[in-house]
Amino acid sequence: LLQLVPGVAINRQSGGDNANPVLGERSGNNNFFIDGQPNKDTVNGGPAAQFNQETIAEFQVLTTGFKPEFGQASGAIVNVITKSGGNQFRGVGSFFVRNDALDSSNSLNAAAEPPELKRYDYSLAGGGPIWKDKIFFFGSSERIQEDRGVNFA
């Protein structure tokens, strides 16, 4: 989601920098929050805790002019608000598949087959009441299973 914001770049050359540079700043200069609590990986850059999209209720990216209360950042502030349960039981599940059957080969070598790829992404999320109008629960889970082949041609 961060890559959709104007001023955010994708740094494919960086090894350990697993976030995205914003407005020319290194991605380690971004700060991440979950429900107002810090979630910054100070060693590798990016968020410390990853979670699936089914958990996100709101997503906010501040790139310039943010208040000093969001310290420790000269790039961007990424603030994620998570979902919570309610008085009704609700849930969602998703299943995403990607494989090499729909991939194309390298355009410079039309005879080469695309590398083997099998990716399965399972996701579940749900919430509801524990004590009506007082206590709620919400939880989510995601599993990504990926097998890749390597094409040295």
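Visitor: In this predicted model, how do the residues lining the second largest pocket divide into nonpolar, polar and charged?
Guide: Ser 84, Gly 85, Arg 90, Gly 127 and Phe 138 lie nearest the centre of this pocket. Its lining holds 14 residues. By class they divide into 3 nonpolar, 8 polar and 3 charged.

Visitor: Which strand gives the largest share of that lining?
Guide: Two strands, S5 and S6, each supply at least two residues of the lining of the second largest pocket. The largest share is 4 residues, and it comes from S6.

Visitor: How much space lies in the largest pocket?
Guide: Leu 1, Gln 50, Phe 51, Gln 53 and Ile 56 are the closest to its centre, out of 29 lining residues. The lining has 16 nonpolar, 9 polar and 4 charged residues. The space in the largest pocket is about 870 Å³.

Visitor: Is Phe 89 buried or exposed?
Guide: Phe 89 sits in the loop between S4 and S5. The cut-off for exposed is over 50% relative accessible area. Phe 89 has 63%, so it is exposed.

Visitor: What kind of pair do Phe 95 and Tyr 120 form?
Guide: Phe 95 is in strand S5 and Tyr 120 in strand S6, 25 residues apart. The ring centres are 6.3 Å apart. The planes are at 10°, so the pair is stacked.

Terms used. Residues are numbered from 1 along each chain as its sequence is written. This is a predicted model: local features need pLDDT of at least 70, side-chain atom pairs count only at pLDDT 80 or more; totals for chains, interfaces and linings use all residues. Side-chain values use heavy atoms; hydrogens and water are left out. On a 1 Å grid over the protein atoms alone, a cavity is a set of points where a 1.4 Å probe fits but cannot get out, and a pocket is an open set with protein on both sides within 12 Å along at least five of seven lines; lining residues have an atom within 4 Å of a point. Grid points are joined across faces, edges and corners, and a volume is the space filled by probe spheres set on the points. Ala, Val, Leu, Ile, Met, Phe, Trp, Tyr, Cys and Pro count as nonpolar, Asp, Glu, Lys and Arg as charged, and the others, Gly among them, as polar. Buried means under 20% relative accessible area, exposed over 50%, partly exposed in between (1.4 Å probe, protein chains only). Rings of Phe, Tyr and Trp (its six-membered ring) pair if their centres lie within 6.5 Å; planes under 30 degrees apart count as stacked, over 60 as edge-to-face and the rest as tilted.
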